[in-house]
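Please find below a colleague's note for the file.

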Amino acid sequence: MVSKKKTSLVSIIKKILDDNKATNIVTIDLKDKSSIADYMIVASGTSSRHIQSITEITAQELKNIGIKGCNIEGQESDDWKLLDACLLYTSDAADDLLCVD
């Protein structure tokens with residue numbers, strides 16, 4: 001069963017992307033397929049500046065809601081960016097780490 005916290009974070013990220021006019025937003029469920037992330041959200045922008053802006057805004061919005069350690073890779077690239085956002089939370093069963101790349 002997928003935790004509400006996990007689906008909530010994915011929804012928040014997708015809303016931030018949509019609000020900032022990202023296109024082709026796709027969520028890939030990596031749960032039970034990868035040990036490094038539970039979800040990957042992929043989106044496109046209309047230009048290199050738009051992609052940079054979307055990345056910076058998303059990182060700042062996540063920091064504003066308490067997601068620490070949002071790392072942006074590809075800062076110098078005009079073609080791509082990667083925002084690594086991790087959320088550590090405690091459930092009744094165990095400590096879990098949710099990474100959305």
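**Packing and pocket**

1. In this predicted model, Leu62 is in contact with Leu9, Ile12, Ile13, Ile16, Ile67, Cys70, Leu83 and Ala85, leaving aside residues up to four places away in sequence.

2. Leu62 also belongs to the largest nonpolar core, a set of 15 residues, where Ile13, Leu17, Leu62, Ile67 and Cys70 have the most contacts inside the core. At least two residues of this core come from each of H1, E2, H2 and E4. H1 gives the largest share, with five residues.

3. Thr58 is part of helix H2. The relative accessible area of Thr58 is 3%, under the 20% limit, and therefore the residue counts as buried. Beyond residues up to four places away in sequence, Thr58 touches Ile16, Leu17 and Leu83.

4. The largest pocket has a volume of about 450 Å³. Its lining consists of 22 residues, and those nearest the pocket centre are Ile41, Val42, Ala43, Lys81 and Leu83.

5. Which elements each supply at least two residues of the lining of the largest pocket? They are helix H1 (4-19), strand E2 (39-44), helix H2 (48-64) and strand E4 (82-90).

6. By residue class, the lining of the largest pocket comprises 15 nonpolar, four polar and three charged residues.

Key
Residues numbered from 1 in each chain as written. Predicted model: local features only at pLDDT ≥ 70, side-chain atom pairs only at ≥ 80, totals over all residues. Heavy atoms only, no water. 1 Å grid on protein atoms, 1.4 Å probe; cavity = no way out; pocket = protein on both sides within 12 Å on 5 of 7 lines; lining within 4 Å. Points joined across faces, edges and corners; volume = space filled by probe spheres on them. Helix = DSSP H or I, 4+ residues; strand = E, 2+ residues; numbered from the N terminus. Nonpolar A, V, L, I, M, F, W, Y, C, P; charged D, E, K, R; others polar. Core = buried A, V, L, I, M, F, W, Y, C linked by side-chain atoms within 4.5 Å. Buried < 20%, exposed > 50% of the residue type's maximum accessible area, 1.4 Å probe, protein only. Contact = heavy atoms within 4.5 Å.
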